[in-house]
Amino acid sequence: MNIPNSLTLARIVAVPFVVWLIITGEMTAAFVLFLLAGASDAADGFLAKRFGWNTELGAYLDPIADKALLVSIYVTLGFSGHLPVWLVIAVVSRDVLIIGAFMLSSMLGRPVEVRPIFISKANTFFQIVLAGLVLAELGVGFGLHGLVPVLVWVTGLLTVTSAGAYFWSWLVYMARYEPVPQRPSRRRKGMGGTHGSGVSVR
């Protein structure tokens, strides 16, 4: 277990604490923990590239940690009435749709290579900015509350658009799926008669 993976696991462990802080109204502490999680995300990425500490485990854990933290914050803020329910549903549904599509592709023997597109990166950026701004306004109060409604609509539009883009790409990919026909095997008769040991011939 190297340092980047340890930082990633720390973000996963931080998820229930952030949720608890938001539910109990400790918004300042929740905002600080959110900032620390963001800093750890940047740190583990830098260390992994700088010292070659990239691992297969880290490649799986990092996006899981990011999504777990972000989705948990959105659900909790929505439950607390600080974000509109429709936005929370859109954010959660998008991730469920994408994960479900990738899982189905793998089950059908057609695994899809995950390559983030520009609209997805923009969506993630605005989701993070919106979550951080809401927590900052509730915990510290920077006087930027007027930006929240604007970011809500921008984030919602990007969430729906990125979900549609991924789903369309997945449909196009799966439409090209042609199962490889399996040739029936033939058996060579044994030298001693028809009951000899058979040999598959391709």
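Where is the place of L171?

Tutor: Happy to. This is a predicted model, so to speak of its limits first: local features need pLDDT of at least 70, side-chain atom pairs count only at pLDDT 80 or more, and totals for chains, interfaces and linings use all residues. Residues are numbered from 1 along each chain as its sequence is written, and side-chain values use heavy atoms, with hydrogens and water left out.

L171 sits in helix α6, which spans residues 147-175. Helices here are DSSP runs of H or I with at least four residues, and strands are runs of E with at least two. L171 counts as partly exposed because its relative accessible area is 36%; buried means under 20%, exposed over 50%, and partly exposed lies in between, with a 1.4 Å probe.

L171 also belongs to a nonpolar surface patch of about 400 Å², together with L97, F167 and W168. Such a patch joins nonpolar side chains within 5 Å, using residues with over 30% relative accessible area and no salt bridge. Helix α6 gives this patch its largest share, three residues.

Stepping back, the chain has six helices and two strands, in the order α-α-α-α-α-α-β-β from the N terminus. Of its 202 residues, 32% are buried. The accessible surface comes to about 13000 Å², and carbon and sulfur atoms hold 69% of it.

Inside, the largest nonpolar core has 27 residues, and those touching the most other members are I22, I73, Y74, L83, L130 and L135. A core joins buried nonpolar residues through side-chain atoms within 4.5 Å. Helix α6 takes part here too: α1 (3-23), α2 (27-51), α3, α4 (85-107), α5 (118-139) and α6 each supply at least two core residues. The most come from α5, with six. Beyond four places in sequence, I22 touches M27, A30, I73, T76, L77, S80 and L135, where contact means heavy atoms within 4.5 Å.

Now for the charged side chains. The chain has six salt bridges, each a side-chain nitrogen of Lys or Arg within 4 Å of a carboxyl oxygen of Asp or Glu. R11 pairs with D62, with the closest N and O atoms 2.8 Å apart. That pair links helix α1 to helix α3 across 51 residues. R11 also meets D66 in a salt bridge at 3.0 Å, N to O. Since D66 lies in helix α3 and R11 in helix α1, this pair ties together parts 55 residues apart in sequence. R11 counts as buried because its relative accessibility is 2%, whereas D62 at 22% is partly exposed, and so is D66 at 26%. R11, D62 and D66 join D41 and D44 in a network of salt bridges.

Helix α3 reaches helix α4 as well. K67 and D95 form a salt bridge with their closest N and O atoms 3.4 Å apart. K67 is in helix α3 and D95 in helix α4, so the pair connects parts 28 residues apart in sequence. K67 is partly exposed at 28%, while D95 is buried at 11%.

S72, in helix α3 (residues 56-79), is in contact with V15, V19 and K67, leaving aside neighbours within four places in sequence. With 19% relative accessibility, S72 counts as buried.

Terms used. Patch = residues over 30% accessible without salt bridge, like charges linked within 9 Å, V, L, I, M, F, W, Y side chains within 5 Å. Areas by Shrake-Rupley, 256 points an atom, 1.4 Å probe, with all protein chains shown as cover.
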